[in-house]
Amino acid sequence: MEKTKSRLNAKSVTNFLSNNAITLLILLMVIYVGFNSSNFFTWDNLKNLISNSSTRFIIACGVSGCLITKGTDLSAGRAVGLGACIAATLLQKVDYGSRFFPNLPDVPVIVGLLAAMLICGAFGAINGCVIAFLKVPPFIATLGMQTIVYGICLIYTGADPMGGFKSSYTNLGSGTTLELPNLFYFALVIGLFIWFLYNKTRHGKYMYAIGGNESAASVAGVNVPATLIRIYFLAAMLYGLAGFLTGAKTGGASVQTGYGYELEAIAACTIGGVSTNGGVGRVSGILIGVLVFEILKICLQFLGVDPSYTFIVQGLVIIVAVALDLRKYLAKK
């Protein structure tokens with residue numbers, strides 16, 4: 001009996017270590033960097049982490065719904081860029097010399113936000129329709145949309161970078177409220193909304209059912225096409241919001257804004273327990289995954305690692321995260 005318990009304990013410890021290997025390694029790195037850098041554990045560094053994580057968390061929340069239904073969204077990064085560019089062209093100062101629309105009257109910030117979210121949402125709805133009705137695999141559908149959105153953004157902006165934003169817009173991304181970055185409050189609201197949507201609504205139940213077994217969900221009366229369209233529409237709306245906030249935070253926007261963000265979001269979701277095999281995922285896990293990824297980048301900066309090598313490390317993390325997820329999936333089978 002004691003041997004059985006010890007075996008079970010040993011097995012549970014082994015499973016915990018393997019399932020959380022990346023997170024534990026990052027924690028060890030944080031401890032090492034913290035003890036070797038005097039300004040690592042500072043309020044300014046924490047605010048920087050919160051600010052960087054907030055927009056990435058919003059993007060990851062959008063991607064999570066796609067992953068839970070055994071899909072993906074490779075157009076996320078380009079949609080973020082499109083959202084940033086749309087907001088940028090509408091929210092420049094009236095007296096800015098290189099204004100994109102010289103004769104455009106002063107546009108309220110809320111209008112720029114809604115324009116970015118709705119236009120990006122339209123492309124998400126198209127993604128959902130192509131996947132739901134034409135049965136195109138999500139990987140291919142969103143890969144094609146990634147290129148389409150990038151091309152549209154190039155045509156719209158003429159590939160010119162934009163700046164000269166009015167302060168009421170930039171303050172949303174760079175300002176603070178109660179000593180916390182304004183971006184934190186956007187992420188908090190989105191996180192609570194997604195948690196409620198996933199756990200307390202019929203849409204959330206349908207989403208997990210589709211991810212578990214799409215055929216069974218359809219037989220049980222779930223409107224699979226409508227649910228998929230809503231998922232990809234909502235995801236793209238969140239990308240538009242993230243693009244709007246990214247432009248406000250950086251004070252500029254271009255067609256390269258958001259490049260590669262979709263891969264980081266997918267990796268963050270996977271690290272946080274959102275299975276690429278569908279049917280599994282929690283908002284708390286998404287947040288942990290995003291924080292792990294952002295902390296990794298900050299630690300590499302403090303260690304003086306060349307930014308070029310940072311991409312290699314991030315790529316390795318993505319591969320390992322997906323490999324561990326597949327391992328858990330195969331173990332269950």
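Leaving aside neighbours within four places in sequence, Ile 59 is in contact with Ala 76, Val 80, Tyr 239, Ala 242, Tyr 261 and Ala 265. The model is predicted. Within it, Ile 59 belongs to the largest nonpolar core, which has 74 residues. Ile 59 and Tyr 239 touch the most other members of that core. Helix α11, residues 224–250, gives the most to this core, with 15 residues. A second, separate core holds 16 residues. Val 292, Cys 299, Leu 300 and Val 317 are included in this second core.

Arg 56 lies over the face of Tyr 261, at 3.8 Å from the ring centre. A further arrangement involves Arg 78 and Tyr 150. The charged end of Arg 78 sits over the Tyr 150 ring, 3.8 Å from its centre.

Arg 56 is also among the residues touched by Glu 264. Glu 264 lies in helix α12, which spans residues 261–271. The relative accessible area of Glu 264 is 14%. Glu 264 therefore counts as buried, the cut-off being under 20%. Beyond residues up to four places away in sequence, Glu 264 touches Arg 56, Phe 293, Glu 294, Lys 297 and Gln 314. With Lys 297 there is a polar contact between side chains, at 3.1 Å.

Aromatic pairs were examined next. A pair of aromatic rings is described by the distance of the centres and the angle of the planes. The count comes to nine aromatic pairs. Phe 100 and Phe 101 form an edge-to-face pair, with 4.7 Å centre to centre and 90° between the planes. Phe 100 is partly exposed, at 26% relative accessible area. Phe 101 is partly exposed as well, at 30%.

Phe 101 also pairs with Tyr 156. This pair is tilted, with 6.5 Å centre to centre and 55° between the planes. The pair links distant parts of the chain, 55 residues apart. Phe 101 sits in the loop between α4 (76–90) and α5 (109–133), whereas Tyr 156 sits in helix α6 (residues 138–157). Tyr 156 has a relative accessibility of 29%, so this residue counts as partly exposed. Elsewhere, ring pairs link Phe 40, Phe 41 and Phe 302 into a cluster.

Key: Residues numbered from 1 in each chain as written. Predicted model: local features only at pLDDT ≥ 70, side-chain atom pairs only at ≥ 80, totals over all residues. Heavy atoms only, no water. Helix = DSSP H or I, 4+ residues; strand = E, 2+ residues; numbered from the N terminus. Buried < 20%, exposed > 50% of the residue type's maximum accessible area, 1.4 Å probe, protein only. Polar contact = N/O pair within 3.5 Å; in protein donor to acceptor, adjacent residues only side chain to side chain. Contact = heavy atoms within 4.5 Å. Phe/Tyr/Trp six-rings, centres within 6.5 Å; stacked < 30°, edge-to-face > 60°. Lys NZ or Arg CZ within 6 Å of the ring centre and 35° of its normal. Core = buried A, V, L, I, M, F, W, Y, C linked by side-chain atoms within 4.5 Å.
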